[in-house]
Amino acid sequence: MRTNITLALSKLTMYRLLALLRNVIEMFTGNALFAASPFTIAQMEAKHAEYDAAIAAANEGGVSQRKNRDKITNEVKDMLRIQADFVRSVCNGDAA
């Protein structure tokens, strides 16, 4: 039976999305199988830091900070979708 990755990103709160991105970074770090991923660890780390700062700014700020946070939320979701598609293609359904 082929294993698939279920994302359900629309159901995640911004904090859970941030935690998922952190988990993906940890799983990709040092994993030779995914060395050629579409995003480098540094790019994912930078997006994580940017998103974390945007969440904090939106909590303290106004409409423009919330719009920026929402924009970065969509960027993070896109990044995670692309990474998931890459993992699907490399693993070809093998859960291990």
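Start by selecting H1 and H3 of this predicted model. The two helices pack at an angle of about 40 degrees, and their axes lie 11 Å apart. Look at the handedness next: H1 passes H3 in a left-handed crossing.

Now show the side chains of the contact. On H1, select Met14, Leu17, Leu20, Leu21, Val24 and Phe28. On H3, select Arg69, Thr73, Val76, Lys77, Met79, Leu80, Gln83, Phe86 and Val87. Colour the contact residues by type: eleven are nonpolar, two polar and two charged.

**Zoom out**

Which elements make up the chain? The protein chain has three helices and zero strands. From the N terminus on, the order is α-α-α. Colour by pLDDT. The mean for the protein chain is 87, and 90% of its residues reach 70 or more. Among the elements, H2 has the highest mean pLDDT, 96. H3 has the lowest, 92.

Switch to a surface view. The protein chain has 96 residues, and 30% of them count as buried. Contacts can also span the sequence. Among those between residues at least 6 apart in sequence, 71% join residues at least 24 apart.

**The core**

Hide the surface and go to the largest nonpolar core, which has 19 residues. Select Leu17, Leu21, Phe28, Met44, Tyr51, Val76 and Leu80; these touch the most other members. Helix H1 (14-28), helix H2 (41-60) and H3 each supply at least two residues of this core. In soluble globular proteins, nonpolar side chains tend to be buried together.

Stay in the core and pick methionine 44. Which residues is methionine 44 in contact with, leaving aside its neighbours within four places in sequence? They are Leu21, Val24, Ile25, Phe28, Phe39, Met79 and Gln83.

**Glutamine 83**

Glutamine 83 sits in helix H3, which covers residues 63-91. Is glutamine 83 buried or exposed? Its relative accessible area is 2%, under the 20% cut-off, so glutamine 83 counts as buried. Show what surrounds this side chain. Leaving aside neighbours within four places in sequence, glutamine 83 is in contact with Phe28, Ser37, Pro38, Phe39 and Met44.

Draw a distance from glutamine 83 to phenylalanine 28. The C-alpha atoms are separated by 9.9 Å, while the two residues are 55 residues apart along the chain.

Not counting residues up to four places away in sequence, threonine 73 touches Leu17 and Tyr51.

Finish at aspartate 78, which lies in helix H3. Why does aspartate 78 count as partly exposed? Its relative accessibility is 40%, which falls between the 20% and 50% cut-offs.

Terms used. Residues numbered from 1 in each chain as written. Predicted model: local features only at pLDDT ≥ 70, side-chain atom pairs only at ≥ 80, totals over all residues. Heavy atoms only, no water. Helix = DSSP H or I, 4+ residues; strand = E, 2+ residues; numbered from the N terminus. Buried < 20%, exposed > 50% of the residue type's maximum accessible area, 1.4 Å probe, protein only. Contact = heavy atoms within 4.5 Å. Core = buried A, V, L, I, M, F, W, Y, C linked by side-chain atoms within 4.5 Å. pLDDT = per-residue confidence, 0-100. Axes fitted to C-alpha atoms, helices over the stretch in contact; angles between N-to-C directions. Left-handed = near helix turned anticlockwise from the far one by under 90°. Nonpolar A, V, L, I, M, F, W, Y, C, P; charged D, E, K, R; others polar.
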